[in-house]
Amino acid sequence: MTGEPRVRLRSSATDDAQLKRIYDRVTRTVGAVPTMYQALANSPAILDGWIGLGWGLRSASTADRGLLELVILRVAQLNGSEYVWRSHWRAAVKAGVHPRKLHALSLWRDNDVFTGSERAVLAITDALSRDGSVPDTVWSAVTAEFDDRQRVELVMTISWYCCVARVAAGLQVPLEHQHAQVPALDAEP
């Protein structure tokens, strides 16, 4: 991201009871209020809905967490979202995705480090992120690997993180301080 945030970052919630409740919950859960949330806090009801969907996708999904993080990072690449990339790098590694795969992600079609399941989710990620639709051949590969619930989770995760990337870009949400310790989106292995 370049330039200043396009909206005020609300680092404090003392003047709004609803926002204070949201910030207290976020701080208890993740330790601090991310800059994305500080930007969205200009509309507390939107922020509350954002957290509900985003956290629900992460906590209630039955699909493998590593696969979902791989999807999120691919969405970050396709959308050029440094914010999403750096926000999810560590989560992907923690979920078991080897950094070698993360460095090879942009060339996933030509790299044999990816499993059949990973290739299926990366293909649907590319299709939805680029075209907004999924060819039957891509869907067939996903159907062979995942049940109905997991297919919904995958499509929602891909779609959600396309939204996250666009909001981060549109509002020019600044990176978090801890993002400096994560490889940049265009970093070489």
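Colleague: Which residues does K101 touch, not counting residues up to four places away in sequence?
Modeller: K101 touches V113, F114, T115 and E118. Touching means heavy atoms within 4.5 Å. This is a predicted model, where local features need pLDDT of at least 70, side-chain atom pairs need 80 or more, and totals for chains, interfaces and linings use all residues. Numbering runs from 1 along each chain as its sequence is written, and side-chain values use heavy atoms, without hydrogens and water.

Colleague: Why is K101 called buried?
Modeller: Its relative accessible area is 13%. Buried means under 20% (exposed is over 50%, partly exposed in between; 1.4 Å probe, protein chains only). So K101 is buried. It lies in helix α6, residues 99–104. Helices are DSSP runs of H or I, at least four residues.

Colleague: What lies 3.4 Å from a polar atom of the K101 side chain?
Modeller: The backbone oxygen of V113.

Colleague: How do you know that Q172 is buried?
Modeller: Its relative accessibility is 13%, so Q172 counts as buried. Q172 sits in the segment after α9 (148–170). A polar atom of its side chain is 2.7 Å from the backbone oxygen of E4.

Colleague: What makes α1 and α3 roughly parallel?
Modeller: α1 (residues 17–30) and α3 (residues 44–60) pack at about 30°, with axes 9 Å apart. Angles under 35 degrees count as roughly parallel (over 145 roughly antiparallel, 65 to 115 roughly perpendicular, the rest oblique). α1 and α3 are therefore roughly parallel.

Colleague: Which residues of α1 and α3 meet?
Modeller: Q18, L19, I22, Y23, R25, V26, T29 and V30 in α1 meet P44, A45, L47, D48, I51 and W55 in α3.

Terms used. Axes fitted to C-alpha atoms, helices over the stretch in contact; angles between N-to-C directions. Helix = DSSP H or I, 4+ residues; strand = E, 2+ residues; numbered from the N terminus. Polar contact = N/O pair within 3.5 Å; in protein donor to acceptor, adjacent residues only side chain to side chain.
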